[in-house]
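Hi there,

Here is the structure I promised to pass on to you. Have a look at it first, and then read my notes below.

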Amino acid sequence: LLALLLIALARPLSAALGESRIEDALYVLAAALPFGAVGNISASLYRRDLRFRPLAIYSVSGRALGAAVGVGMALSGAGLWSLLGQQIAGSVFASIGIFVARGWWPGATISRTRLSELLQFGAKVSAGQVVTGASEQLLNLLTGTLFGTAVLGHLNIAWRVIQLTRTLTSGAMYHVGFSAFSRLRDDPERLRRSFIEATQLSCLVGFAVAGLMVALANPLVTALFGPGWTLAGTLLQLLSIELFAGFFSMFFSASYRAMGRPGLVLWASLAYLAVGVMGVLTFSWAGIVVVTVVWALRSFILMPLHLRFVEKVLRIPPHVLLEAVFPVAMASLLLIGVSSLV
């Protein structure tokens, strides 16, 4: 259905944006949606069973084959179509591989009760993801509108590095945590212990990464892009501050969803969006550096809300969780200090 909707909107979107090639590109990219749907359920079943090895093998293999198709098309002069070929081939290879390997096939009947439960749960999860995505895009939109495209270019470089860091460090950890917490939801004591240990592990890895990003952001950007991108290095350094709160709260939303409370994720996402937008608009007169500081600090400002949710859902008092990560935080501060001196 989504593929058909995208096909129907291809021509109006192309006309609205004034770019004729978009129409043909959307016709092709629409094919990725049903192929992705084929593998999604099987991938979720792998995650539920904590069988990440076969999932990783087929996902990486599919993406690698897709990359090979894209590179081959680019070398043959396909241009834009090489990017489309990479997307489609990667989705098809990965999804079909996971689907066939898992051996799960949908039945011919649908349970209305289970469908209703799935829709109620999934609607809140999807709404939270939409709000989170909108929050990130609004920062770009507001920056371009208030400060111009040149400043937006600097911010975009810094933001891409932050997103890449999160993807590489937190993606797998989140899926493992969500699956594990779901299996332990009927054993509250083990769930609480696992949540605290997972948070400690996340902080152990994440605080070190965040500390190095804060300390090395400016020289890293200068080395990669040249001295003309000093502002991007400063913005990256400021945005990296938010990583500390992000790694500390990495498993919060996973625990809410595992305990059947996805609405808490939605409320938290709405709060982040509201505070972020109000902060940007309120302090826009002070310049992009101050706006970036406000954006980075919103996670710390709203941390009491998350701690209250964790106490309500998991029965873990805030002081217990904070005491558990305190030694890791001190070690990270020491790492930042040493890295800055070096």
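**Two loops between helices**

Leu50 sits in the loop that runs between helix H3 (32-48) and helix H4 (52-75). Helices here are DSSP runs of H or I with at least four residues, strands are runs of E with at least two, and both are numbered from the N terminus. The phi angle of Leu50 is near 60°, which is a positive value in a residue other than glycine. Leu50 is partly exposed, at a relative accessible area of 38%. (Buried means under 20% relative accessible area, exposed means over 50%, and partly exposed is in between, with a 1.4 Å probe and protein chains only.)

Before going on, a word on the source: this is a predicted model, in which local features need pLDDT of at least 70 and side-chain atom pairs count only at pLDDT 80 or more, while totals for chains, interfaces and linings use all residues. Residues are numbered from 1 along each chain as its sequence is written, and side-chain values use heavy atoms, with hydrogens and water left out.

A positive phi also turns up at Arg315, near 65°, again in a residue other than glycine. Arg315 belongs to the loop between helix H13 (303-314) and H14. Is Arg315 buried or exposed? Arg315 is exposed, with a relative accessible area of 61%.

**Salt bridges**

How many salt bridges does the structure hold? There are six, where a salt bridge is a side-chain nitrogen of Lys or Arg within 4 Å of a carboxyl oxygen of Asp or Glu.

One of them pairs Arg102 with Asp49, whose closest N and O atoms are 3.1 Å apart. This pair links distant parts of the chain, since Arg102 is in helix H5 (residues 80-102) and Asp49 is in the loop between H3 and H4, 53 residues apart. Both partners are partly exposed: Arg102 has a relative accessible area of 23%, and Asp49 has 26%.

Arg166 and Glu242 also meet through their side chains in a salt bridge, at 3.7 Å from N to O. Here too distant parts of the chain are linked, with Arg166 in helix H7 (residues 149-183) and Glu242 in helix H9 (residues 230-248), 76 residues apart. Arg166 is partly exposed at 25%, whereas Glu242 is buried at 4%.

Glu189 counts as partly exposed at 45% relative accessibility, and Arg192 is partly exposed at 22%. Finally, salt bridges with shared partners join Arg48, Asp49 and Arg102 into one network.

**The inside**

The largest nonpolar core has 59 residues, and those with the most contacts inside it are Phe181, Phe195, Phe248, Phe252, Tyr256 and Leu321. (A nonpolar core is a set of buried Ala, Val, Leu, Ile, Met, Phe, Trp, Tyr and Cys residues joined through side-chain atoms within 4.5 Å.) Which helix gives the most to this core? That is H8, with 11 residues. Leaving aside neighbours within four places in sequence, Phe195 is in contact (heavy atoms within 4.5 Å) with residues including Phe181, Phe252 and Leu321.

Ser202 is found in helix H8 (residues 188-225) and is buried, with a relative accessible area of 1%. A polar atom of the Ser202 side chain lies 2.6 Å from the backbone oxygen of Phe247. Apart from neighbours within four places in sequence, the contacts of Ser202 are Met173, Phe207, Phe247, Met250 and Phe251.

Val328, in helix H14 (residues 318-341), is buried as well, at 14%. With neighbours within four places in sequence left out, Val328 is in contact with Gln200, Cys203, Leu204 and Phe207.

**The surface**

Leu2, Leu5, Leu9, Leu13 and Leu33 make a nonpolar surface patch of about 450 Å². (Patches are made of residues with over 30% relative accessible area and no salt bridge; like charges are joined within 9 Å, and nonpolar side chains, meaning Val, Leu, Ile, Met, Phe, Trp and Tyr, within 5 Å. Accessible areas come from the Shrake-Rupley method with a 1.4 Å probe, and for residues only the protein chains shown count as cover.) Helix H1 (residues 2-17) gives the most to this patch, with four residues.

Best wishes

Note on methods
Polar contact = N/O pair within 3.5 Å; in protein donor to acceptor, adjacent residues only side chain to side chain.
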